[in-house]
Amino acid sequence: MVLGIIGVVALNALAAEASFQARELEAAISDLTLEHDDLVAEVASLEAPDRVRLVAGAQLGLLEPEQPGFLTLHPEQLAPPEPKPMVVLSPEGHILGIDRPAPGGDATILAAPTTAGDPADDAEAGN
């Protein structure tokens, strides 16, 4: 009987503690929700076009154009991008050369360094 009473008292204490923690968490959620709402309002005011225009002129020295200009780009007038060279590596990680597209568009190895005098490389190559 005494154990039953102790058990009931312990359960009530745990329930009261859990209820207290739940109230604390709900208060924290409410505070964070208010803070979030304040931050959303601040972002909206900072992004306002009038404020952006003011900062651009006063702090950055930018001016609004008297008459906006527009560029029309036609894809056929644009030069294709220059291909970039790539380093060619062996499976062991040794540099074999530089792979660059040739004028006709084919890839060509322009340089292939050798490791003359290194016995480990000679053994790998079967020499």
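Which element of the chain has the lowest mean pLDDT, and which has the highest? Keep that in mind as you look around, since this is a predicted model. Strand β3, residues 107–109, has the lowest mean at 49, while helix α2 has the highest at 92. Where pLDDT is low, the predicted coordinates should not be read in detail. Over the chain, the average pLDDT is 80, and 78% of the residues score at least 70.

**Stop 1: the whole chain**

Show everything as a cartoon. You'll find three helices and three strands. Follow the chain along its sequence and the order reads α-α-β-β-β-α.

**Stop 2: the start of the chain**

Select Met 1, Ile 5 and Val 9. Together they make a nonpolar surface patch of about 380 Å². Click on Val 9, and you're in helix α1, which covers residues 2–46. Is Val 9 buried or exposed? It's exposed, because its relative accessible area of 53% is over the 50% cut-off.

**Stop 3: further along, a charged patch**

Next, select Asp 31, Glu 35, Asp 37, Asp 38 and Glu 42. These residues form a negative surface patch. Pick out Asp 31 and you'll see that it sits in helix α1. Asp 31 is exposed too, with a relative accessible area of 52%.

**Stop 4**

How many salt bridges does a search of the whole structure find? The search turns up two. Side chains of opposite charge can pair when their charged atoms come close.

Select Arg 53 and Asp 50 and show their side chains. They form a salt bridge, and the closest N and O atoms are 3.0 Å apart. Both residues belong to helix α2 (residues 49–58), where they are three residues apart, or about one turn of the helix. Asp 50 is exposed at 61% relative accessible area, whereas Arg 53 is partly exposed at 44%.

Glu 64 counts as exposed, at 58% relative accessibility.

Now show Asp 50, Arg 53 and Glu 64 together: what links them? They're joined in a network of salt bridges.

**Last stop: back to confidence**

Finish by colouring the chain by pLDDT.

Key: Residues numbered from 1 in each chain as written. Heavy atoms only, no water. Patch = residues over 30% accessible without salt bridge, like charges linked within 9 Å, V, L, I, M, F, W, Y side chains within 5 Å. Areas by Shrake-Rupley, 256 points an atom, 1.4 Å probe, with all protein chains shown as cover. Salt bridge = Lys/Arg side-chain N within 4 Å of Asp/Glu carboxyl O. Helix = DSSP H or I, 4+ residues; strand = E, 2+ residues; numbered from the N terminus. Buried < 20%, exposed > 50% of the residue type's maximum accessible area, 1.4 Å probe, protein only. Lys, Arg positive; Asp, Glu negative; His and termini not counted. Charge placed at Lys NZ, Arg CZ, Asp CG, Glu CD. pLDDT = per-residue confidence, 0-100.
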